[in-house]
Amino acid sequence: MTMDMFKRVPVREQDPKVRATNFNEVCLGYNKEEAEAEAQRCLNCKKPFCVQGCPVSINIPGFIAKLKDGDVEGAYNVISESSALPAICGRVCPQETQCEGKCVRGIKGEAVSIGKLERYVADTAKEMGLKPQPAAEKNGKKVAVIGSGPAGLTCAGDLAKLGYDVTIFEALHKAGGVLVYGIPEFRLPKDAVVQKEIENVKSLGVKIELDCVIGKSTTIDSLLKEEGFDAVFIGSGAGLPRFMHIPGEQSLGVFSANEYLTRSNLMQAFKDESRTPIMKAKKCVVVGGGNVAMDAARTALRLGAETHIVYRRSDEELPARREEIEHAKHEGVIFNLLTNPTEIHADENGWVKSITCVKMELGEPDESGRRSPVVIPGSEFEIECDCVIMSLGTSPNPLIASTTEGLEVNRRKCIVADEATGMTSKENVYAGGDAVTGAATVILAMGAGKTAAKGIHEYLSDE
Amino acid sequence: MFRIIKKEQLAPNIYLMDVEAERIAKHALPGQFLIVRVDADGERIPLTICDYDPEKGIVQIVFQVIGGETYRMSLLEEGDSFHDMVGPLGRPSDLTELPVEELKNKKICFIAGGVGTAPVYCQLKWLKNNGVDVDCIQGARSSDLIILEDEMAAVSSLHVCTDDGSKGIKGNVCVALQQLIDEGHSFDRVVAIGPMIMMKFVCQLTKELGIETIVSMNPIMVDGTGMCGACRLTVGSEVKFACVDGPEFDGHQVNFDEAMKRMTLYKTEEGRLYLQAKEGDSHHGGCGMCD
């Protein structure tokens, strides 16, 4: 096979017209030939910048080298040294700004498709029945992990491998956190991928107690004092959805992206047989430009709505991953950029009938470095719609901080934790992920879970 | 876990269940709620806690069959288990945070409507155990819908009223409250729990009478931990989440008309699921969704 070494092996995807009507995974991934061909493009750099770009420092050239020889098991073992969730990361990590963003190949051509290779290894390992190796010996110490999202699963997996007796406490009825309630099926299949990775973490000996809200069903203090845990890791995730506080926002048909996605993903409301209802809109406006907004828009589209993204800045500033934006556009999501809603109008029964927006232009850069949008006077116009989904980010959930004495939070109400160890202001309590940083990415949460696992291990080993 | 150890039918469509749920029983306080799921495919149903026994690890729930999921709950028998039960959620009643001496000096009247009787019972019992005596008006359409009457009478000065006059005072809870006041009772706080429409009218009356009033809101919810915002309400000039900021609020500040409108969001859908669950394959029309 002759190939252009400057170009990556393209990955097969479901046709946009077809996938816009179903919830099956969009990206089909590499097969054996494609993966091995792509692996050949890795230069196996002496100083691998890609590893520096990875929040969990996977030995990327190491696993790709195994793959070049067709040794999937070897590649899987290399990845497993650093990550418990490769099938998930291969799908949802923003590789373009991390490992692939640093790839030397990317200077003159296209970066090696590291994410797709990781996914291929993880999926093939699963088919081969490979599992991560549990600890040889238990060390007799107990750690409680709050939240079964990416931070919690990673922290739990790492500690279990070190011999700790780990229990994860999950508030919802299903483990996985944002991987289950937030990210849609078409981007991250729940049964085939997420549940399988959770099973892998469990196979390391990690226990998961569902339906347990820390701060309500029990407290951190009682976990430490009464239930015999030596340390606690808080990976409780992001929090309460933000709204715009514009007139009409309480109308029927206005949802937070969290609600809309939770209904569709966690409660599987996109399936006809689900007991959980979800609004099947005719014309839906999603406000916001992040990954969550893309997920909500693409979900609404699949449920049959003409779907618009309304975002106050321009295409360049959209915070979502480029891949998600392109996917959304190909599927038919309409982007109303430099546009900001000012009022939602309802009919006589209280249902949304339209949304008034203003046109924006970009002014000077603000403190985030992005040019701040300014209203163009007299530019009001109306978009008719029956559904509005607000995707404006979240503010931290106060449940844990308000019930845990001595746990410091910052001005934004996020838990304060040391970056190098995950240690909080409270003894034996560590934290990481969105609960500390505010809404961020799956892989950053995993990195924080990993850091905290190391921090906990060092602390408990010194005792 | 979550095994039903007692089931009782209190009225034609109202059931009481005692369920094993150790963590909830240990940490529950009056005013809080929990969420149940019937089975692995079940919807998350929020219910106010009626009673709890921390020693035995048991919580009591009372529910009315109003849709597909509550109908399926009513089919569970003693020995069966709920798939999930999570709680206690929401903030406890502020009464539990006041000094008992202050409570003893307060003249409180509870108003319980329909299945709202269950959460009121929880609060009355807690107050009684703390030596606080209160009045309670319990209302229903007719005498057969008056539930837990003996239990309620044991923990309060109970005044029953029915719309049709088949028991107690003839008239709704507002009529009963006005009558008590006309008879010389005076109250400095009313706690009203029941259907939204009842709470709305109680609040209109107590506003005129100048009596501080607390209500317990039960809007549509998904997770119950603040994550989804489905349960948002307008209270005064602010948007509040019933699950984390409530469920109890200053009734004179709650926008009931908006809250009642928001309750209709999935109404047709719920009705369809109810008929589907009840009639199964024999379902032919009547739900408004099919021919």
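Predicted model: local features only at pLDDT ≥ 70, side-chain atom pairs only at ≥ 80, totals over all residues.
1. Confidence. For the complex, the predictor reports an ipTM of 0.88 together with a pTM of 0.91. Chain B has an average pLDDT of 91, and 92% of the residues score at least 70.

2. Nonpolar cores. The largest nonpolar core holds 79 residues, and those that touch the most other members are A:I60, A:F63, A:I64, A:V121 and A:I456. Helix α18 of chain A (residues 442-462) supplies the largest share of this core, with eight residues. Apart from this core lies another, of 57 residues, which includes B:L16, B:V19, B:L103 and B:L148.

3. The surroundings of A:F63. When neighbours within four places in sequence are left aside, A:F63 is in contact with A:I58, A:A75, A:V78, A:I79, A:I114, A:L117, A:E118 and A:V121. Of these partners, A:V121 is also listed among the core residues that touch the most other members.

4. Helix α14 of chain A. This helix, residues 257-265, is mostly covered, with nine of its nine residues buried.

5. Helix α2 of chain A. Here, in residues 32-39, six of the eight residues are buried, namely A:E34, A:A35, A:E36, A:A37, A:E38 and A:A39. The packing partners of these buried residues in chain A are strands β1 (12-13) and β2 (27-29) and helices α4 (60-68) and α9 (114-127).

6. Salt bridges within chain A. Over all chains, the search of the whole structure finds 49 salt bridges. In one of them the side chains of A:E199 and A:K202 meet at 3.9 Å, N to O; the two residues are three apart in helix α12 (residues 190-203), and so are separated by about one helical turn. Both ends are partly exposed, A:E199 with a relative accessible area of 38% and A:K202 with 37%. A second bridge joins A:K283 to A:E306, with the closest N and O atoms 3.7 Å apart. Because A:K283 lies in strand β9 (residues 283-287) and A:E306 in strand β10 (residues 306-310), this pair ties together parts that are 23 residues apart in sequence. A:K283 is partly exposed at 23% relative accessibility, as is A:E306 at 38%.

7. B:E20 and B:R3 meet through their side chains at 3.1 Å, N to O. B:E20 belongs to strand β2 (residues 14-20) and B:R3 to the segment before β1 (4-11), so the bridge ties together parts that are 17 residues apart in sequence. B:E20 is partly exposed at 29% relative accessibility, and B:R3 at 36%. Elsewhere, salt bridges that share partners form one network, whose members include A:E13, A:R19, A:R187, A:D295, A:R298 and A:E331.

8. A surface patch. A:L43, A:F49, A:V104 and A:I107 make up a nonpolar patch on the surface, with about 370 Å² of accessible area together. Of these, A:F49 is found in helix α3 (residues 49-52) of chain A and is partly exposed, with a relative accessible area of 34%.

How values were computed
Residues numbered from 1 in each chain as written. Chains lettered and ligands numbered in written order. Heavy atoms only, no water. Patch = residues over 30% accessible without salt bridge, like charges linked within 9 Å, V, L, I, M, F, W, Y side chains within 5 Å. Areas by Shrake-Rupley, 256 points an atom, 1.4 Å probe, with all protein chains shown as cover. Salt bridge = Lys/Arg side-chain N within 4 Å of Asp/Glu carboxyl O. Helix = DSSP H or I, 4+ residues; strand = E, 2+ residues; numbered from the N terminus. Buried < 20%, exposed > 50% of the residue type's maximum accessible area, 1.4 Å probe, protein only. Core = buried A, V, L, I, M, F, W, Y, C linked by side-chain atoms within 4.5 Å. Contact = heavy atoms within 4.5 Å. pLDDT = per-residue confidence, 0-100.
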